[in-house]
Amino acid sequence: MRKTNNVIKIKDFKVDKGLPFDQEYNFAYLDENTKKMIRRAIIKALCIPGYQVPFASREMPMPYGWGTGGVQVTASCLTKRDTLKIIDQGADDTTNAVSIRNFFKKTSNIKTTEITEKATLIQTRHRIPETPLKKKQIFVYQVPIPEPLAFLEPKVSETIKMHSLSEYGAMHVKLYEDISKNGHIETAYAYPVKTNDRYIMDPSPIPKFDNPKMNNSPAIQLFGAGREQRIYAIPPYTKVKSLDFEDYPFDPFKAEHACDICGSKNTYLDEIIVDDAGNKSFICSDTDFCNKRKNK
Amino acid sequence: MIIPILKVTNLSKSYDNIVGCKNISMSLYPGEVLGIVGESGSGKTTLINCLSGNLEPDRGKIIFNINNKETDFLNISESEKRKFIRTDLAFVHQNPRDGLRLNVSAGGNIGEKLMSVGYRHYGNIRSLATKWMNKVEIDKSRIDDLPITFSGGMLQRLQIAKNLITSPNVIFMDEPTGGLDVSVQARVLDLIRSLVNELNLTVIIVSHDLAVIRLLADKMIVMKNGTVIESGLSDQVLEDPQQEYTQLLVSSVLNV
């Protein structure tokens, strides 16, 4: 190990409270001009539901794929009055959620919460909370690949044309392949949707169980893809329909179990291997919802 | 009077200073099969790429007249053009790998065009795909197999099924039997001929193989250096070629 003078002492960290507020940063890390540019992209995205707006994504102090897009959108929407909730796979206490929450505590000194109803801004990776979103909440998704057509058509110039001319036939080829291979639509996450009867959109890798929650939601839903430099959005009360076939309708699948902690039968569950004998336990992936039910 | 389904006037396309094709005029009537022959580099492929919308020509006019609806192919918006190409035209590539999605099953490939024109019923798409697999003589048990497991001749037949399933009005074929061995060629040609007769297709077929043209085409044009040097009924041109180059072409066919 190299010796340096400014070694950070581990005991200085208080993981539960996060890092102390650092005045050296501009509020919420990004400079005001960058936030203005991102807000413009967000407004444009809200005006054209499901349309991917390019933006000049910045380098963030975290690797691509860890939510750089979501973080930039969150940073641009944050005000000092906001209460922030960060979730990763439904949980508030996993690495990605903890580090992003600490990042915003350190750079903006705002209130954070784990309770969905209390949050005014929620950033998520891979889940929509079980507690319904409400009016005046902003919901930010971290998106790895914003282009739903990317797997069928590698050329971006061509996918842009396909979107602008609504040439979406190829999208169903993927679903056709699923049915012919498995007898049902196997796509379980990042299940493509049509937004406002116009643009086909990748909802980020949320389980298809969550897709119906996007439809007609009273909250503002924003999607940020940092590496791919795209922002898109669903304004409140917008129709969001999952693609399907007439004879194979969309099915929001979940595991056929109840939560082993709170007993909930209609929430999305994580399957956990609990010992070397392969025994399993199913628990709610939304930790906030599960805790609340358990404590009732 | 029969109106031509396709009328081309003074079509030219060059690549920088190199002539692709020059001042081509021709017309094609419904149900007709037109063969285009010529040596490599004579502009055959440039011509059908211009006609099928793959290339933008420099000058000239292309008018399609389908069901009494005239379409000025070079003066419509891009969305109309793409829709027209999708619904009214079809293109069979020389290499079937260019016209198929190799990571999508045979059924998915055949069904793609249906889905792109609005079919949303899996059962119907599947049964139409099966019907067309039968038509092009591919065993229907292969419907869920990937094209990479198919032989060259099967791939070409699959590509033909994929293109014909939506009953396009004009079909372009660029050397459809080019990469196949002789016995497979014969089978694919036989298939194309029976489909042409059965479905009364309007086809433009490019080939340097005069046997293909004699077998399939009603009319033919001979190209050299980007221009049409001879045209007429194919029997007439092949039996009594007027131009020196055509005479050379006809006499250089091997008789086994």
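Me: Before that, what are the ground rules?

Reply: It's a predicted model, where local features need pLDDT of at least 70, side-chain atom pairs count only at pLDDT 80 or more, and totals for chains, interfaces and linings use all residues. Residues are numbered from 1 along each chain as its sequence is written, chains are lettered from A and ligands numbered from 1 in the order in which they are written, and side-chain values use heavy atoms, with hydrogens and water left out.

Me: OK, chain B. What's the strand order in the open sheet of six strands?

Reply: The order is S6-S7-S8-S3-S9-S10, with mixed pairing. Strands here are DSSP runs of E with at least two residues, helices are runs of H or I with at least four, and both are numbered from the N terminus. Two strands pair if DSSP finds at least two bridges between them.

Me: Which strands stand at the edges?

Reply: S6 (89-92) and S10 (227-233) of chain B; each has a single partner strand, so one side of each is left without a neighbour in the sheet. On average, neighbouring strands are turned by 15° against each other, direction ignored. Angles run from 0 to 180 degrees between N-to-C directions, with axes being lines fitted to C-alpha atoms, for helices over the stretch in contact.

Me: How do S6(B) and S7(B) pair?

Reply: In the parallel sense, over four bridges, with S7(B) covering residues 170-174. Phe91(B) has Phe172(B) as its bridge partner in S7(B).

Me: And S9(B) with S10(B)?

Reply: Those run antiparallel, joined by six bridges. Met223(B) is opposite Val228(B) in S10(B). The two strands form a hairpin with two residues between them, and Asn225(B) in the turn has a positive phi of about 50°.

Me: Which helix lies across S3, S9 and S10 of chain B?

Reply: H10(B), residues 244-251, running at about 110° to S9(B).

Me: Switching to helix pairs. What's the angle between H6(B) and H7(B)?

Reply: About 15°, with the axes 10 Å apart; H6(B) is residues 152-164 and H7(B) is 182-199. That makes H6(B) roughly parallel to H7(B); angles under 35 degrees count as roughly parallel, over 145 as roughly antiparallel, 65 to 115 as roughly perpendicular and the rest as oblique. The contact (heavy atoms within 4.5 Å) includes Ile160(B) and Leu164(B) of H6(B) and Leu191(B) and Leu195(B) of H7(B). Its residues divide into seven nonpolar, two polar and two charged. Ala, Val, Leu, Ile, Met, Phe, Trp, Tyr, Cys and Pro count as nonpolar, Asp, Glu, Lys and Arg as charged, and the others, Gly among them, as polar.

Me: What about H4(B) and H5(B)?

Reply: H4(B) (106-116) and H5(B) (122-135) pack at an angle of about 115°, axes 9 Å apart. Among the contact residues are Gly107(B) and Gly111(B) of H4(B), and Trp132(B) of H5(B). That contact has nine nonpolar, two polar and no charged residues.

Me: Now chain A. What are its domains?

Reply: Domain 1 is 12-149 + 184-242 and domain 2 is 254-296, with bounds from an automatic or database domain assignment. Their centres, taken over C-alpha atoms, are 25 Å apart. In domain 1, 16 residues are in contact with 10 residues of domain 2.

Me: Which strands form the open sheet in chain A?

Reply: Three of them, in the order S7-S6-S10, with antiparallel pairing. The twist averages 30° from one strand to the next. S6(A), residues 193-195, pairs with S7(A) over three bridges, and Thr195(A) has Tyr199(A) as its bridge partner in S7(A).
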